[in-house]
Amino acid sequence: GAVADVLANRLLAIPRFGWRVVTPEQGSGHHWQADEEVDLDWHLQEVTLPDPGAESQLREFVNRWMSTPLDPGRPLWQVHLIQNFEGGSAMLWRIHHCIGDGIALMLAMLSLTDLEPGDSEAVGNPLAELFGIDPPDPEQAKAHLQKVLPEAVKLLSSPSEVLGSISRWKKGGASVPAFGRLALRPPDRRTRFRGSLGVDKRAAWSAPISMREVDFVRQALGGTVNDVLTNAVAGGLRSYLAESGDLRPTLSIRAIVPVSLRPLEEMSSLGNQFGLVFLSLPVGIEDCRERLAEVRRRMGRLKRSFEPVVAMRIMAALGASPKRVQD
């Protein structure tokens, strides 16, 4: 149907979605190889939720597939077209992280869309052209992004302090303290959020939140949109722990926050170009204004550090190592 046509004509036009990962018998050296016969009947599966097709049933369906690995012998993505959800339909995309990080995949998904109703061939969506260029021309990439996402170009631009960190990191020396902090950081204090790692996953989502309201809070209190949303997450964790009797005034819970290190003109190259910072959420602070100020202070310090760059280099080194070293 129409969804299969979009996947065949637009998604598979992006080379990486037609590649599979080849695992050597010994040592390292995983590499991409084109799959000459991509089976769309496997990559696109249509299902129908049982009546009444409520949100709880969709959540159970998502939970099941979040905990199911992708087939390593095929390109590492799959789409589930879910019918009978609240009188309409929904789509669940499962994409392995090796295909691309969050920013790159967001743009890849936008490249599949019609910018105007009835635009069946994605005419007028410059992102579709952008993902067909390998490698993309930097100025052309910026122009395409500016045309489709004029308000987001500034947001998608890597912070100048992070790019500066990369250049200083390459000179050596400055990354040693950041590496020490990453390697020697003590474990979190025990709460009910700590437990053994496992395969089973659970999905949850809220009703949509108006970005206009979030931005209004940002303008009133300062910081970034991410600071406001992170503060809201910290407040939610605080409420949960307070109800369960686990809350302590000085408690912080560490969150792993991705930081994009991808230059704007390389947004369509897929792959992974992000670092990680470990942000301690001040869940012990009750007043939301005070908590936001502390979130801003801690996040600002991390953004000015070398930790995102060092974390990216560590992940790259592990990815190039034999499996025994990775384990």
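This is a predicted model: local features need pLDDT of at least 70, side-chain atom pairs count only at pLDDT 80 or more; totals for chains, interfaces and linings use all residues.
**Aromatic pairs and a surface patch**

Who is the partner of Tyr240? Phe193: the two form an aromatic pair. The ring centres are 5.5 Å apart, with 35° between the planes, and the pair is tilted. Now look at where the two sit. Phe193 is in the loop between helix H9 (175-184) and helix H10 (211-221). Tyr240 is in helix H11, residues 225-244. So the pair ties together parts that are 47 residues apart in sequence. Phe193 is partly exposed too, at 40% relative accessible area.

How many aromatic pairs are there in the whole structure? A search finds four. Another of them is Phe61 with Trp65. Their ring centres lie 6.4 Å apart and their planes meet at 50°, so this pair is tilted. Both residues belong to helix H3, residues 55-66. They are four residues apart there, which means a separation of about one helical turn. Is Phe61 buried or exposed? Buried, with a relative accessible area of 6%.

Next, a charge over a ring. Arg59 lies over the face of Trp205. The distance to the ring centre is 5.1 Å.

Last, the surface. Ile314, Leu318 and Val325 form a nonpolar patch there. Together they have about 230 Å² of accessible area. Val325 lies in helix H14, residues 323-326. Why does Val325 count as exposed? Because its relative accessibility is 53%, and the cut-off for exposed is over 50%.

Key
Residues are numbered from 1 along each chain as its sequence is written. Side-chain values use heavy atoms; hydrogens and water are left out. Patches are made of residues with over 30% relative accessible area and no salt bridge: like charges are joined within 9 Å, nonpolar side chains (Val, Leu, Ile, Met, Phe, Trp, Tyr) within 5 Å. Accessible areas come from the Shrake-Rupley method with a 1.4 Å probe; for residues, only the protein chains shown count as cover. A salt bridge is a side-chain nitrogen of Lys or Arg within 4 Å of a carboxyl oxygen of Asp or Glu. Helices (H or I, at least four residues) and strands (E, at least two) are DSSP runs, numbered from the N terminus. Buried means under 20% relative accessible area, exposed over 50%, partly exposed in between (1.4 Å probe, protein chains only). Rings of Phe, Tyr and Trp (its six-membered ring) pair if their centres lie within 6.5 Å; planes under 30 degrees apart count as stacked, over 60 as edge-to-face and the rest as tilted. A charge sits over a ring if NZ of Lys or CZ of Arg is within 6 Å of the ring centre and within 35 degrees of the ring normal.
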